[in-house]
Amino acid sequence: MPTLRSAISSAAGALDVQRARLEVAISNLANAESTRGPDGNPYRRREVVIETTRADGPQGAFGVKVAGIVEDQSEFRERFEPSHPDAGANGFVRMPNVDVPEEMVDMLGAARAYQANLAAITLIRETVQKALEIGRG
Amino acid sequence: MPNSIVNDSAMMSALGREMTRAVQRMAVASGNLSNAETPGYRTQEMHFAEALDGQIGALQPAATNGRHLGSSADGGMVREAEGGPARRDGNNVQMEHELLALSHAGSDFASAQTVLAAKFRLVRYAINEGR
């Protein structure tokens, strides 16, 4: 049965997930021009996979968790820059498959969801406080 | 006792149920809110008519026994909301709607709590013989 505890843990899980999304979006933005990764290839855009769970047992509120962080396998962008040390024989440099505006939008969405869940936690906490007042003189 | 219109314990258990209901609504809204960005998630909602029927059913044993608190069997009261504009990823959570539901349930809880606390004050007053 859903309780205030499961409501709060579901909102807290969402905070975790949104923070992970923010972090991934920021690392994508930071590496939007990185042509060399550890494996010698340009940076691959990373993405958070979000999954619905039960926060507190099978009857609890719906929670959420990060199922994993995966690499976007789409094609690298190419830019003509023959003077670049990583340029191929035809003068094209392979650039990360990061789309900067898309990352910005994702970041805004994550920040907005984070705020909403924070507001939810505040509301639930006030309710818990209110419940405790029953026992008071 | 079974025929008295309103007795204290019935009223208190009704208030308790009201608070339980508010908490369930909060949990549902908070679950929706935390899945506002989960692809394919569908908004969940409590369905009140059936929840009410369940409560009316639960009131029957309460009439035969003043201490009966009513059932809290609520397995099937949450279901997917119908309609609503879905985004491209199949998610149809409206964040504002859920925040509103959350604060609505919060104020319902607060008002039931206020009345219940007043009830308890009366009981305490009686126990202390008016002191």
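A pocket here is an open set of grid points with protein on both sides within 12 Å along at least five of seven lines, and its lining residues have an atom within 4 Å of a point. With that in hand, welcome to this predicted model. Its largest pocket is lined by 20 residues, and chains A and B bury about 2,600 Å² between them.

**The largest pocket**
- This pocket has a volume of about 490 Å³.
- Nearest its centre lie A:Arg21, A:Glu47, A:Asp106, B:Glu37 and B:Asp89.
- From chain A, helix 1 (4-30), strand 1 (46-54) and helix 2 (100-132) each give the lining at least two residues.
- The lining is made up of 10 charged, 8 nonpolar and 2 polar residues.

**The second largest pocket**
- Here the space comes to about 340 Å³.
- Of its 20 lining residues, B:Gln44, B:Glu45, B:His97, B:Glu98 and B:Ala101 are nearest the centre.
- Helix 1 (8-34), strand 1 (44-46) and helix 3 (95-127) of chain B each contribute two or more lining residues.
- By class, you will find 9 polar, 7 nonpolar and 4 charged residues in this lining.

**Where the chains meet**
- Chain A brings 36 residues to the contact, and chain B brings 33.
- Carbon and sulfur atoms give 67% of the buried area.
- On the chain B side, B:Ser34, B:Glu37 and B:Gln113 lose the most area to chain A, together 20% of what that side buries.
- There are 2 salt bridges between the chains; one pairs B:Glu37 with A:Arg21, whose closest N and O atoms are 3.4 Å apart.

Technical notes
Residues are numbered from 1 along each chain as its sequence is written. Chains are lettered from A and ligands numbered from 1 in the order in which they are written. This is a predicted model: local features need pLDDT of at least 70, side-chain atom pairs count only at pLDDT 80 or more; totals for chains, interfaces and linings use all residues. Side-chain values use heavy atoms; hydrogens and water are left out. On a 1 Å grid over the protein atoms alone, a cavity is a set of points where a 1.4 Å probe fits but cannot get out, and a pocket is an open set with protein on both sides within 12 Å along at least five of seven lines; lining residues have an atom within 4 Å of a point. Grid points are joined across faces, edges and corners, and a volume is the space filled by probe spheres set on the points. Helices (H or I, at least four residues) and strands (E, at least two) are DSSP runs, numbered from the N terminus. Ala, Val, Leu, Ile, Met, Phe, Trp, Tyr, Cys and Pro count as nonpolar, Asp, Glu, Lys and Arg as charged, and the others, Gly among them, as polar. Contact means heavy atoms within 4.5 Å. Buried area is the accessible area (1.4 Å probe) that two parts lose on being put together, summed over both. A salt bridge is a side-chain nitrogen of Lys or Arg within 4 Å of a carboxyl oxygen of Asp or Glu.
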